[in-house]
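Please open the model in your viewer and keep the sequence panel beside it. This tour goes from one selection to the next and says what is there at each stop.

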Amino acid sequence: MALRKIREIGDPVLEKVAKPVTEVNRKIRELVSDMLDTMYEADGVGLAAPQVGILKRIVVIDVSPEQDSPIVMINPEIIEKSGEQTGGEGCLSVPGKTGVVTRANYVKARAFDEEMNEFEIEGEELLARAIQHELDHLDGILYTTKVEGDLIDNDKE
Ligand code: ZN
């Protein structure tokens, strides 16, 4: 198990556009495995490669309560979205804060797995929110730019 340092808001790497992965080699596999370790250790439901300082189009997501259903998405793309949900959102790169963001309630995405096999995934509610949030990271977009109203400080009662 290897943990990577999570970059925080203010770090310019979080505002850059990540590059597509052309080949899954040993380094990429190691990165994916470290991203999963880092996400679980931080109790997150998703992590994008730029959040650990790597500008590649890779995200990992796990919205299951048991945290035993990792989804690895390489070069992901949203191909369909519908509906709307408004709710609280947080980000491992913006520690201690949450904010209200409106997103699509349903998305269908296409991505490649670690064998570079293409797959599609559909999600609603939390999974749809996580997919949209993580894919935004690949384009240098933080949820803080989409928050309605103020960011809420979780530490304050
Ligand atoms: Zn995030």
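A residue is called buried when its relative accessible area is under 20%, exposed when that area is over 50%, and partly exposed in between, as computed with a 1.4 Å probe on protein chains only. The model is a predicted one, in which local features need pLDDT of at least 70 and side-chain atom pairs count only at pLDDT 80 or more, while totals for chains, interfaces and linings use all residues. Residues are numbered from 1 along each chain as its sequence is written, and side-chain values use heavy atoms, with hydrogens and water left out.

**First stop: a loop residue**

Select Leu142, which sits in the loop between α2 and β8 (148-153); helices (H or I, at least four residues) and strands (E, at least two) are DSSP runs numbered from the N terminus. Leu142 counts as buried because its relative accessibility is 4%. If you show contacts, meaning heavy atoms within 4.5 Å, and leave aside neighbours within four places in sequence, you will find Ile9, Leu14 and His137 in contact with Leu142.

His133 is buried because its relative accessible area is 6%, and His137 counts as buried at 1% relative accessibility.

**Third stop: salt bridges**

Next, display the salt bridges, each a side-chain nitrogen of Lys or Arg within 4 Å of a carboxyl oxygen of Asp or Glu; the structure holds 12 of them. Select Arg103 and Glu89, whose closest N and O atoms are 2.7 Å apart in a salt bridge. This pair links distant parts of the chain, with Arg103 in strand β5 (residues 97-103) and Glu89 in strand β4 (residues 85-89), 14 residues apart. Arg103 counts as buried at 5% relative accessibility, and Glu89 counts as buried at 4%. Salt bridges that share partners join Glu89, Arg103, Arg129, Asp136 and Lys146 into one network.

For another salt bridge, go to Arg26 and Glu30, where the closest N and O atoms are 3.1 Å apart. Both residues lie in helix α1, four residues apart, about one turn of the helix. Arg26 counts as exposed because its relative accessibility is 61%, whereas Glu30, with a relative accessible area of 38%, is partly exposed.

Is Thr38 buried or exposed? Thr38 counts as buried, because its relative accessibility is 4%.
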